[in-house]
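This report walks through selected local features of one chain. Keep the sequence and the 3D view open while reading.

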Amino acid sequence: METKRDSFASRWGFILACIGSAVGMGNIWLFPARVSGYGGGAFIIAYLIFVVLIGSTGVIGEMSFGRMARSGPIDAFGKATETKGSKKVGQALGVIPTLGSLALAIGYSVVMGWILKYAFSALTGTLLKPETVDEFTGVFGTMAGAFGNNIWQSIALALTLVILVFGIGSGIEKANKIMMPLFFFLFVGLGIYIAFQPGAVDGYKYIFTVDTKALLDPHTWIYALGQAFFSLSVAGNGTLIYGSYLSEKEDIPKSAKNVAFFDTLAAMLAALVIIPAMATAGSTLNQGGPMLMFVFLPNLFKSMPGGSVIAIVFFIAVTFAGLTSLINLYESPIATLQERFKMKRLPACAIVCGAGLAISLCIQHIVSDWMDVISIYICPLGAGLAGIMFFWVLGKKVCEKEIAKGREKSVPALIIPLAKYVFCPVCVLVLIAGALLGGIG
């Protein structure tokens, strides 16, 4: 007898959860750096093209695949291949995105510990005490070293565990309904404040001026592709598992469009805050990664009017974005334990989060390399496998039937051909480009 699955209580609860899974560090510290480093408006044009492509294929495919299978990647891949007599092969392949989700969650747990500590330091007024960039770097280095942030990492995992234990409707959905609107509200407030600072207009000019040379540079398009790919959280796990909790009355293409729109809005908000802020200080944003958020931005906030308040608002908003992503990443392995071993929610959450805490405490000093390996190889591989399973193995008739559920209109004719002949090859391109260029996620 099949156990009744938990589900989202409302359409917007599901959409906000998907937005929460997509809005994360890639939007906040990487997107502004990519915009600045690859020609401003030129990068944005390329990025928007890829967002439309991936949002209208990969996101729709993973949501529909999850809803059809009512399971995580392992059982979903198994169901896709069972008619071919290869169910066990499919299940084995489904382990890849499941472990990828757990591995990303472990790396993200380290970063969430950093974020929580900085948010607390901002609230207590100690964050901006260092006087120079070197001093800010020293503070971050001490915290980010091996075993340098155990307490805050543990708190981050405890918060995540509490939300996850309550399940989909009572935990994940309610948390995202609170945290995502607050994230957007706080970032809009920051954007308005920055707009009135001297020199901010130079930042806006850079963002919206198209550099023709950059537009013709292949690197701009490759990095824009990688940014869109990982920003939309298409990796064969998180979006698929959220889709498995979705009602058949939900119009998936419409939901995918909303997710892509709000994820892009979050990225643009981050750019509209960070690049003009750097312009007010006469700086050029030319790198992403942890140093941007934990060294250069605090140093910048220190020099701005009301900098201590800006720092509080910024790191609280980032906390919301980070937690919603972390919740999504841990959900896939938790659901897998529940499905494969018939476990109850609490022990499944405890085992996965406990393992996540133990491993994350051990990888603090190598977390950047850890995240690079997962994002370069495992994520695009998982997304490509999910795309192949849904659009190629299941076939056109099944895909059309699943995507059409909940829709009053017919399925747009271009979705399936685009997914099969463009999106799936794009996953391979991301994998190859990531390996050649040393990381694009």
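Pro347 has 35% relative accessibility, so it counts as partly exposed. The value falls between the cut-offs of 20% for buried and 50% for exposed. The model is a predicted one. Pro347 belongs to helix H17, which spans residues 345-362.

Which distance separates the C-alpha atoms of Pro347 and Ile334? The separation is 9.2 Å, for two residues 13 places apart along the chain.

## Two positive phi values

Most residues other than glycine have a negative phi. Lys342 is not a glycine, yet its phi is positive, at about 55°. Lys342 sits in the loop between helix H16 (307-341) and helix H17 (345-362). Is Lys342 buried or exposed? Its relative accessibility is 70%, so Lys342 counts as exposed.

Ser233 also has a positive phi, near 60°, and is likewise a residue other than glycine. Its place is the loop between helix H12 (218-231) and H13. Ser233 has 13% relative accessibility and therefore counts as buried.

## Helix H2 against helix H14

Helix H2 covers residues 25-37. H2 packs with H14 at an angle of about 70°, and the two axes are 8 Å apart. H2 and H14 are therefore roughly perpendicular to each other, because angles of 65 to 115 degrees count that way. The crossing of H2 past H14 is right-handed.

Which residues make this contact? H2 contributes Asn27, Ile28, Phe31, Pro32, Val35 and Ser36. From H14 come Asp263, Ala266, Ala267, Met268, Ala270, Ala271, Ile274 and Ile275.

Met268 of H14 also gives a reference point for Ser375 in helix H18 (residues 367-393). The C-alpha atoms of Ser375 and Met268 are 22 Å apart, and the two residues are 107 apart in sequence. Ser375 counts as buried, because its relative accessibility is 11%.

## Aromatic rings

How many aromatic pairs does a search of the whole structure find? The search returns 28. One of them joins Phe8 and Tyr245. Their ring centres lie 6.4 Å apart, and the planes make an angle of 75°. The geometry is edge-to-face, because planes over 60 degrees apart count as such.

This pair links distant parts of the chain. Phe8 is in the segment before helix H1 (11-22). Tyr245 is in the loop between helix H13 (238-243) and helix H14 (252-280). The two residues are 237 apart. Phe8 counts as buried, because its relative accessibility is 9%. Tyr245 also counts as buried, at 4% relative accessibility.

Another ring has a charged neighbour. Lys420 lies over the face of Trp392, at 4.3 Å from the ring centre.

## Thr220 in helix H12

Thr220 is a residue of helix H12. Is Thr220 buried or exposed? Thr220 has 1% relative accessibility, so it counts as buried.

What does Thr220 touch, leaving out residues up to four places away in sequence? Its contacts are Tyr38, Ala42, Phe43, Ala46 and Ala214.

## Recap by accessibility

The buried residues described here include Thr220 at 1%, Tyr245 at 4% and Phe8 at 9%. Ser375 at 11% and Ser233 at 13% are buried too. Pro347 is partly exposed at 35%. Lys342 is exposed at 70%.

Definitions and conventions
Residues numbered from 1 in each chain as written. Predicted model: local features only at pLDDT ≥ 70, side-chain atom pairs only at ≥ 80, totals over all residues. Heavy atoms only, no water. Phe/Tyr/Trp six-rings, centres within 6.5 Å; stacked < 30°, edge-to-face > 60°. Helix = DSSP H or I, 4+ residues; strand = E, 2+ residues; numbered from the N terminus. Buried < 20%, exposed > 50% of the residue type's maximum accessible area, 1.4 Å probe, protein only. Lys NZ or Arg CZ within 6 Å of the ring centre and 35° of its normal. Axes fitted to C-alpha atoms, helices over the stretch in contact; angles between N-to-C directions. Parallel < 35°, antiparallel > 145°, perpendicular 65-115°, else oblique. Left-handed = near helix turned anticlockwise from the far one by under 90°. Contact = heavy atoms within 4.5 Å.
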